[in-house]
Amino acid sequence: MPTQRRLANAIRALAMDAVEAANSGHPGMPMGMADAATALFTRHLKFDPADPKWPDRDRFVLSAGHGSMLLYSLLYLTGYARPTIEDIKGFRQLHSPCAGHPESYELAGIECTTGPLGQGLANAVGMAVAERHLNAVYGDELVDHRTYVIAGDGDLMEGINHEAAGIAGNLKLGRLIVMWDDNRITIDGSTDLSRNEDIVARYDAMGWHTVECDGMDSAKVSKAIDQAVADPRPSLIRCKTIIGYGAPHKQGTAATHGSPLGADEVAAARKELGWDLPPFVIPDDVAHAWREAGRRGAEPHAQWNARLGASGKKDEFLARIEGKLSTEWLRPHLDGLIANPQKVATRKASELALDAINAAMPQTIGGSADLTPSNNTLTKNIGPLDASNYGGRYIHYGIREFGMAATMNGMALHGGVLPYGGTFLVFSDYSRPAIRLGSLEKAKVVHVMTHDSIGLGEDGPTHQPIEHLQSLRAIPGLHVYRPADAVETAECWAAALSNEGPSLLALSRQNLSQVRTKAMSDNLSAKGAYRLKAAEAPRKVILIATGSEVEIAIGVAASLEDRGIGADVVSMPCTEAFDAQPASYREDLLPDVSNREILRVSIEAGTTFGWERYTGLHGLRIGIDRFGASAPATDLYEYFGLTVPKITGRVLDHINVREIA
């Protein structure tokens, strides 16, 4: 049998060769952590390459995603169908699944997309939360696994690390084990240039178990993992390593961090490691030993399958894992709103919808970044998820918007739970990196963001979103919903729950009249936009509005009709969903913009930037292109010209100018 060091050297060789072939990449981390990763994958990690989606597998997250060749090497060596050796030869090239950083949608065995440092660790916290919750529901016989992370110095420097580690410590997530690649090198050089804190003491203070080991000795790493497994707290294993180990002239330096070693240094490293083989060639004995390590999970997998088959909860469990959702709550809820219209803030309308959703869907897990009474995200039928009750369904994340969003991504990627979490819309600036990454990997998360405009009033411009809606709409794959009333809020929730990836609900603080009072068989909001009111006089104007401004648009339309000017009102709760509709539907709502006979007007209490997509260059865009002010909401709407009389005046002026032109 090859030694653990020789197995690790296979990782080192593949990392050197792939980075050299691409002339791009990060060989240092895979070479330094090869021994530690070998210990984990050959002795501890529970996985089965024959079924990468086995629900009770251990999760492994490479948070230091720049060292992606470590993970690609491990997947190849342990027997996953892909990457093949040809895939690895194409590292960082177009159409190769071996991207520069691990992408969860490219290869089975990659649990989450990593690269932006710290987020992988935070995702892992979410995976550990999901495991403990599902264990509380289904017991050890169906859910009994751990989450392992390899994190680098950069992961532990990023601010999100503090947020995520704090959440994990407070929840006492003992199934979470982080292996810190302490090589003391970043791109700029020694970590002494930028860091002097005692990281181990910091984790101790947050309620973690900590242990240190020689990361270059597989046996000592394995012993440290055993200690971590035995402790009921989340664990940080400090693996002291040498970046670029084996490269005799560059190891231990920043020169191995983010650049190829060069042909001469690769040749010298091969000699140093006793690896006298051509590039991308793995000797038979090493390949066999790694494949045997990959087959370790077959027996526990078979035992789990037997337990699942004997369980009375098999169908329910599989439905949870497959993400099957109930839709039966929506129709009764909408019928109730039509029978008894509600004039409420859409944040309250969201709570009313969540009452029905949480009762119908046991897989939802809610939460808030310390704004529960403001976000209205806690409903009467769910209790707290904490260290004393993992079966609860509501997490108090504390003032940690970024950590909350990334944790929710990890929960969604784990499977079996559907997370939603609340904060103020203006604080999407804090959580945006996780929202973006969740969109990239299609994590099914619902971000509930309230206080969506100047309508929040006296808290002033620091809390009043202006550019946020449009900047969030710019994120590919994210559905941003801004509903106008209680009916649209419920429809937007239903659409969000049916989406493949993440959604965001932007909800008002101020009360809004119910503009939808007739029952409809279709979910109109799911189309992204629909005609709420058709012109009565010959149509000359189309008013396009979202959220709290839809009610205003209806008033403007009535004022125009009184003057013999026909006006449609189009409610547009989700621009992305509207853009995905057939051309015929979009053309019906918004006839060709070159038609100068019809004026398109957008109305939204935020930046006008981007609305020209729907109004055209000759249309009218009404909004706010400056920061807000501190005053009651009604005074602010008057001051910024977002009232029926003022908007009507602007429309009439614009029509007169057009007619003169």
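Biologist: What volume does the largest cavity have?

Modeller: This is a predicted model, and every value given here is computed from it. A cavity is a space where a 1.4 Å probe fits but cannot get out. By this rule the count comes to three cavities of 30 Å³ or more. The largest cavity has a volume of about 90 Å³.

Biologist: Which residues are the closest to the centre of the largest cavity?

Modeller: Strand S1 (59–62) and helix H3 (68–78) each supply at least two residues of its lining. By class, the lining of the largest cavity holds eight nonpolar, one polar and four charged residues. Of the 13 residues that line this cavity, the closest to its centre are Leu45, Phe60, Tyr80, Gly109 and Glu111.

Biologist: How many residues of the lining of the second largest cavity are charged?

Modeller: Among the residues that line this cavity are Arg331, Asp335, Glu491 and Lys518, together with others such as Leu334 and Val487. The lining divides into five nonpolar residues and no polar ones, and the number of charged residues is six.

Biologist: Which residues are the closest to the centre of the largest pocket?

Modeller: A pocket, unlike a cavity, is an open set of points. The largest pocket has a volume of about 620 Å³. Of the 27 residues that line the largest pocket, the closest to its centre are Ile321, Ala412, Leu413, His414 and Gly415.

Biologist: Which helices each supply at least two residues of the lining of the largest pocket?

Modeller: By class, this lining has 10 nonpolar, seven polar and 10 charged residues. The helices that each supply at least two of its residues are H13 (314–322) and H17 (401–414).

Biologist: Which helix gives the most to the lining of the second largest pocket?

Modeller: The second largest pocket has a volume of about 290 Å³. Of the 13 residues that line it, the closest to its centre are Ile552, Ala633, Thr634, Tyr637 and Leu642. Helix H21 (549–562) and helix H25 (633–639) each supply at least two residues of the lining. The helix that gives the most, with four residues, is H25.

Biologist: Is Thr372 buried or exposed?

Modeller: Thr372 is found in helix H16 (residues 372–375). Leaving aside neighbours within four places in sequence, Thr372 is in contact with Thr377, Leu378, Tyr394 and His396. A residue counts as buried under 20% relative accessible area. The relative accessible area of Thr372 is 14%, so Thr372 is buried.

Biologist: How far apart in space are the C-alpha atoms of Val211 and Gln227?

Modeller: Val211 lies in strand S6 (residues 209–214) and is buried, with a relative accessible area of 11%. Beyond its neighbours within four places in sequence, Val211 is in contact with residues including Ala224 and Gln227. Val211 and Gln227 are 16 residues apart in sequence, and their C-alpha atoms are separated in space by 7.9 Å.

Biologist: What is the radius of gyration of the protein?

Modeller: The protein has 26 helices and 18 strands. For 661 residues the globule rule gives 26 Å, and the protein comes close to this, so it is as compact as a globular protein of that length. The radius of gyration of the protein is 28 Å.

Conventions: Residues are numbered from 1 along each chain as its sequence is written. This is a predicted model: local features need pLDDT of at least 70, side-chain atom pairs count only at pLDDT 80 or more; totals for chains, interfaces and linings use all residues. Side-chain values use heavy atoms; hydrogens and water are left out. On a 1 Å grid over the protein atoms alone, a cavity is a set of points where a 1.4 Å probe fits but cannot get out, and a pocket is an open set with protein on both sides within 12 Å along at least five of seven lines; lining residues have an atom within 4 Å of a point. Grid points are joined across faces, edges and corners, and a volume is the space filled by probe spheres set on the points. Ala, Val, Leu, Ile, Met, Phe, Trp, Tyr, Cys and Pro count as nonpolar, Asp, Glu, Lys and Arg as charged, and the others, Gly among them, as polar. The radius of gyration is taken over C-alpha atoms; the globule rule is 2.2 Å times the number of residues to the power 0.38. Buried means under 20% relative accessible area, exposed over 50%, partly exposed in between (1.4 Å probe, protein chains only). Contact means heavy atoms within 4.5 Å.
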